[in-house]
Amino acid sequence: MTLAVSANDIDAKALIEELKRWVEIETPTLDAAAVNRLADRVEVLGREAGLETERLPGTLGFGDILALRSPRPAGSNEKTALILAHLDTVHAVGVINDRLQLRQEGDKLYGPGIYDMKSGALMALEAMKLAVRRGTRMPIDLIFVPDEEMGSLSSRAFMEAAAKNAGYTLVVEPARDGGKVVTARKGVAMYDVTVRGRAAHAGARPQDGRSAIRAAARLVLELEALNDTERGVTVTVGTIQGGTGRNTVPAECRLQVDVRVPDDKIATEITGRIEAMRPVDPDITFEIVGQMNRPPFAQSEEGKRLFDAAAEIAAGLGIALEGMATGGGSDGNFTAALGVPTLDGLGADGAGPHTFNEHVFLSSIAPRTALLANLMISLEAR
Ligand SMILES: [Zn+2]
């Protein structure tokens with residue numbers, strides 16, 4: 001197949017220089033001003049490229065949402081190709097001067113958020129510029145959100161509204177395991193559990209006490225007994241905090257629980273079982289607060305066809321594209337759950353997301369930007 005954009009059409013050198021600039025603007029999710037500094041830069045680049053820009057002031061303490069749109073007739077309600085990116089990272093400000101310095105080692109470029117997902121966000125913008133210049137069949141909306149790493153609490157509704165008018169969604173989260181894209185993701189539920197008992201002096205009046213820690217320990221085992229590798233269910237008690245001192249029977253203990261499920265049916269079953277958990281001791285209470293945060297993203301028939309189209313373009317670029325399912329959630333969960341064919345993991349290849357070893361493979365940037373651009377050009381209304 002003849003492709004409109006080849007890897008040689010990508011100015012990789014300029015792109016990598018710009019990527020360094022994005023990484024130098026450190027953007028932890030909870031630092032709205034920092035995230036907005038990067039949004040400022042992205043907005044300028046979007047304007048310079050002749051794209052329409054829409055910027056929504058941040059809410060809930062997060063940064064702004066930025067949307068770039070390809071020019072289209074006023075009042076057009078044509079189905080769009082929706083591209084999703086996030087500008088926030090999990091890394092604190094200052095990491096770049098310390099444990100994760102911006103540095104190149106061979107084909108690897110290290111830096112906070114470089115792989116998850118500043119490279120993908122920048123590649124999406126570059127691909128959109130190229131695609132719009134060459135002409136697309138569908139209008140393109142590229143949305144940059146400020147809060148993906150904390151569950152997209154302030155941006156979910158905006159993305160879902162955009163998805164309702166979308167024919168397809170492409171998500172530029174990092175590629176993984178040798179450049180694989182993501183065709184399915186587990187759903188994620190989050191629970192905060194407070195176990196309450198009764199305090200008492202550990203030496204003088206132990207019989208009056210009801211240990212919240214002991215009840216919580218029993219609950220941890222009950223929760224983690226829901227783990228089921230075969231069915232793809234994971235339940236992890238990630239944190240535990242309780243007690244006030246060595247010599248006091250603890251009155252309170254708190255747990256944070258992460259739950260991953262592959263489909264809606266299992267989601268209903270597992271969340272139901274968790275919410276129905278009760279203490280054995282009548283003097284103990286459980287307060288279980290939480291729900292599904294990201295719905296499961298299972299591959300649909302149309303999602304499979306979108307992957308096949310991407311694989312065909314990739315083959316033309318010399319990339320043998322493979323798809324995979326992952327336990328990690330992304331904003332693709334929201335669009336897939338709305339029935340929009342969604343393909344994820346279209347960003348750069350690399351390794352070490354959320355760690356001080358985070359890096360991208362520079363050689364993956366130009367071909368995968370070309371893949372994105374060709375995909376944007378080829379998509380047409382279903
Ligand atoms: Zn990410």
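Are H86 and D116 buried or exposed? H86 is buried, as is D116; buried denotes under 20% relative accessible area, exposed over 50%, and partly exposed in between, with a 1.4 Å probe and protein chains only.

## Basis of the model

This is a predicted model, in which local features need pLDDT of at least 70 and side-chain atom pairs count only at pLDDT 80 or more, while totals for chains, interfaces and linings use all residues. Residues are numbered from 1 along each chain as its sequence is written, and side-chain values use heavy atoms, without hydrogens and water.

## The zinc site

The zinc ion has as protein donors H86 (NE2), D116 (OD), E173 (OE) and E173 (OE), at 1.8 to 2.7 Å. Donors are N, O and S atoms within 2.8 Å of the metal (3.2 Å for Na, K and Ca); water is not among the atoms, so sites may look incomplete.

H86 in strand β3 and D116 in helix α3 (residues 114-134) are 30 residues apart, and the pair links distant parts of the chain. Helices (H or I, at least four residues) and strands (E, at least two) are DSSP runs, numbered from the N terminus.

Six strands form an open sheet with mixed pairing, in the order β1-β2-β6-β3-β7-β16. Two strands pair if DSSP finds at least two bridges between them. At the edges, β1 (52-56) and β16 (342-343) each pair on one side only.

Strands β2 (residues 65-69) and β6 (residues 140-145) pair in the antiparallel sense over four bridges. L68 has L142 in β6 as its bridge partner.
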